Amino acid sequence: MIKLVARLLGHRKPAFGEARPVDAAAIAAVHGVSFQRGWGEDEIHRLLIERNVVAHRAMSGRTLIGFILSRIAAGEAEILSVAIAPAWRGRALAGPLLDLHLRRLAGLGVGSVFLEVDKQNAPARRLYRRAGFREVGQRQGYYQSGAAALVLRRDLG
Ligand SMILES: CC(C)(COP(=O)(O)OP(=O)(O)OC[C@H]1O[C@@H](n2cnc3c(N)ncnc32)[C@H](O)[C@@H]1OP(=O)(O)O)[C@@H](O)C(=O)NCCC(=O)NCCS
């Protein structure tokens, strides 16, 4: 009964899984409302069909509410982008999505994962710290806003 009411109200427990090329438009929509420079559907589609790109999604029913994308090269991975749709932020969804993604990367033999994060992006920095990333460098003036980027690394395995 509770499940039925929750479903009618649209409050389904999000589910996490692999993202596929058919998710390109939905990922582009979440990306567009999450970053100053959104990536178009075509750009995302091109990434999703690359053999060395790994992608996961968070779904609420049939609605894509979050994603994460990485590219693997020479045993290392770079997280290219991660976002949760604005209405779903602050509900600890990014953590399990990132966890699933890291486990998949480890399973593919990736030894280390890198990413760049805006020094001023407190939620993202907390997310990565909690997931065991540590700072290994800084890039001054990396973003259009002039903000510096932190380079973070997490070793897997
Ligand atoms: C970063 C992002 C993916 C986190 O997703 P989320 O599901 O909302 O994450 P959580 O709810 O687990 O929150 C992450 C942490 O930030 C904290 N947080 C949330 N909002 C915050 C805020 N406005 N200021 C400071 N900390 C905040 C949470 O308390 C949590 O920390 P904790 O685990 O120590 O309690 C999401 O905010 C997002 O999509 N942002 C826009 C895109 C982006 O910046 N991506 C990262 C690029 S590197």
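**Briefing: fold, strand pairing and ligand shell**

Gly40 lies in the loop that links α2 (24-32) to α3 (41-48); helices (H or I, at least four residues) and strands (E, at least two) are DSSP runs numbered from the N terminus. The model is a predicted one, in which local features need pLDDT of at least 70 and side-chain atom pairs count only at pLDDT 80 or more, while totals for chains, interfaces and linings use all residues. Residue numbers start from 1 along each chain as its sequence is written.

**Overall fold**

- The protein contains five helices and seven strands, and from the N terminus on these elements follow the order α-β-α-α-β-β-β-α-β-α-β-β.
- Along the principal axes, the C-alpha atoms fill a box of roughly 50 × 35 × 30 Å.
- Among contacts with a separation of 6 or more, 56% involve residues 24 or more positions apart; a contact requires C-beta atoms, placed from the backbone, within 7 Å.

**Burial and Gly40**

- Of the 157 residues, 24% count as buried, a class that requires 20 or more other C-beta atoms within 10 Å of the residue's own, against 12 or fewer for exposed and a number in between for partly exposed, with C-beta atoms placed from the backbone.
- Gly40 is partly exposed, because 13 other C-beta atoms lie within 10 Å.
- Between Gly40 and Arg57 there are 17 Å in space, C-alpha to C-alpha, and 17 residues in sequence.

**Strand pairing**

- Strands β5 (residues 112-118) and β7 (residues 149-155) run antiparallel and are joined by seven bridges; two strands pair if DSSP finds at least two bridges between them.
- Val113 has Arg154 in β7 as its bridge partner.
- Strand β6 (residues 134-139) also runs antiparallel to β7, with five bridges between them, and Gln138 is placed opposite Leu150 in β7.

**Ligand shell**

- The ligand is surrounded by 19 residues, of which Arg89, Ala94, Ala122, Pro123 and Arg126 are the closest; a residue is near a molecule or strand if its C-beta atom, placed from the backbone, lies within 6 Å of it.
- At least two shell residues come from each of β4 (76-84), α4 (94-107) and α5 (122-130), and α5 gives the largest share, six residues.
- The shell comprises 11 nonpolar, four polar and four charged residues, where Ala, Val, Leu, Ile, Met, Phe, Trp, Tyr, Cys and Pro count as nonpolar, Asp, Glu, Lys and Arg as charged, and the others, Gly among them, as polar.

Conventions. Two residues are in contact if their C-beta atoms, placed from the backbone, lie within 7 Å.
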